[in-house]
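Subject: Structure for you to take over

Hello,

I am handing this structure over to you. The sequence and the model are below, followed by what was found.

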Amino acid sequence: LPDDFEQQLAGFIQQALRDEGFEDAAMAREVPLSRISARWLAAFERQRRARGIEIRVEQTGRLTFDGPAGPFTVTAKADRIELDAEGGAIIDYKTGSPPSQTQVLQGFAPQLPLTGAILGAGGFANPVDPSQLLYVQVTGRAEGGKESDVSAASKNNSATAAQISAAEFERLVEAVALYDDPSRPYVSWEAPQFMGNHGGNYDHLARVWEWMVVGGHEGEGEGE
């Protein structure tokens with residue numbers, strides 16, 4: 001990396017913001033944030049590259065398997081894949097909050113594990129076992145950024161990145177088999193623990209918000 005990599009990176013961020021229509025008043029706030037982000041990203045990049053990695057950026061992978069109703073293809077576009085002797089680290093960049101390790105392990109955030117499954121099956125090129133599932137959050141605030149390895153060993157996880165990816169792929173295969181059945185209903189809020197945070201794509205069809213406000217006891221009080 002060049003000696004002025006941090007300055008170049010800050011310039012790239014600022015130019016991208018201007019290209020998106022940020023005016024001078026907004027840039028007065030964003031320029032300091034871009035410098036903090038660039039400082040953190042430069043350190044992150046040097047630390048990652050010191051391992052002698054091969055970097056692939058914005059690669060698209062595919063994996064096809066047979067479902068009850070026919071072939072099903074799952075695709076993924078990886079922000080970054082780092083290849084080394086241990087396998088492939090899959091990195092996804094975020095400006096907002098990334099999913100927690102618990103959400104990933106429970107199947108509520110399947111993006112990185114399914115990308116790992118595609119990588120392991122040769123969906124990007126040659127088969128490579130996923131070795132790390134990493135979110136990189138870039139905010140420009142505080143330290144500037146944060147790494148979140150959702151495949152790391154913890155009190156809630158003893159599985160490797162490859163095992164997490166394989167488990168998520170099996171979950172997908174099972175879900176495809178369920179929904180290939182025409183009699184299977186599409187549930188609006190199957191995970192009620194997220195009701196206050198994430199709306200479903202089809203809530204408007206299920207009239208969920210009407211039920212939430214009005215309640216489910218139509219006709220209550222009639223005849224009194």
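**A buried glutamate**

Glu168 has a relative accessible area of 5%, which is under the 20% cut-off, so this residue counts as buried. Please keep in mind that the model is predicted.

Glu168 belongs to helix 5. Leaving aside residues up to four places away in sequence, Glu168 touches Val104, Gly107, Pro110, Pro113 and Leu114.

**Helix 5**

Helix 5 runs over residues 161-179, 19 residues in total. From the first C-alpha to the last the helix reaches 27 Å, close to the 27 Å expected at 1.5 Å a residue. Its buried residues are Ala161, Ile164, Ser165, Glu168, Phe169, Leu172 and Val176. These residues are on the same side of helix 5 because they cover an arc of only 135 degrees around the axis. An α-helix has 3.6 residues a turn, so residues three or four places apart point the same way.

What lies over these buried residues? The cover includes strand 1 (54-67), strand 2 (70-84), helix 3 (101-105), helix 4 and strand 4 (130-138).

**The chain as a whole**

The chain holds seven helices and five strands. Their order along the sequence is α-α-β-β-β-α-α-β-β-α-α-α. Of the 224 residues in the chain, 34% are buried. Taking contacts between residues at least 6 apart in sequence, 62% join residues that are at least 24 apart.

**Confidence**

The mean pLDDT of the chain is 90, and 90% of the residues reach 70 or more. Where is confidence highest, and where is it lowest? Helix 4 (residues 111-120) has the highest mean, at 98, while helix 7 (residues 208-214) has the lowest, at 70. For residues 219-224 the pLDDT is below 50, and this stretch has zero contacts in the model beyond near neighbours in sequence.

Regards

How values were computed:
Residues are numbered from 1 along each chain as its sequence is written. This is a predicted model: local features need pLDDT of at least 70, side-chain atom pairs count only at pLDDT 80 or more; totals for chains, interfaces and linings use all residues. Side-chain values use heavy atoms; hydrogens and water are left out. pLDDT is the predictor's confidence in each residue, from 0 to 100. Helices (H or I, at least four residues) and strands (E, at least two) are DSSP runs, numbered from the N terminus. Contact means heavy atoms within 4.5 Å. The expected span of a helix is 1.5 Å times one less than its number of residues. Buried means under 20% relative accessible area, exposed over 50%, partly exposed in between (1.4 Å probe, protein chains only). The arc is that of the directions from the helix axis to the C-beta atoms.
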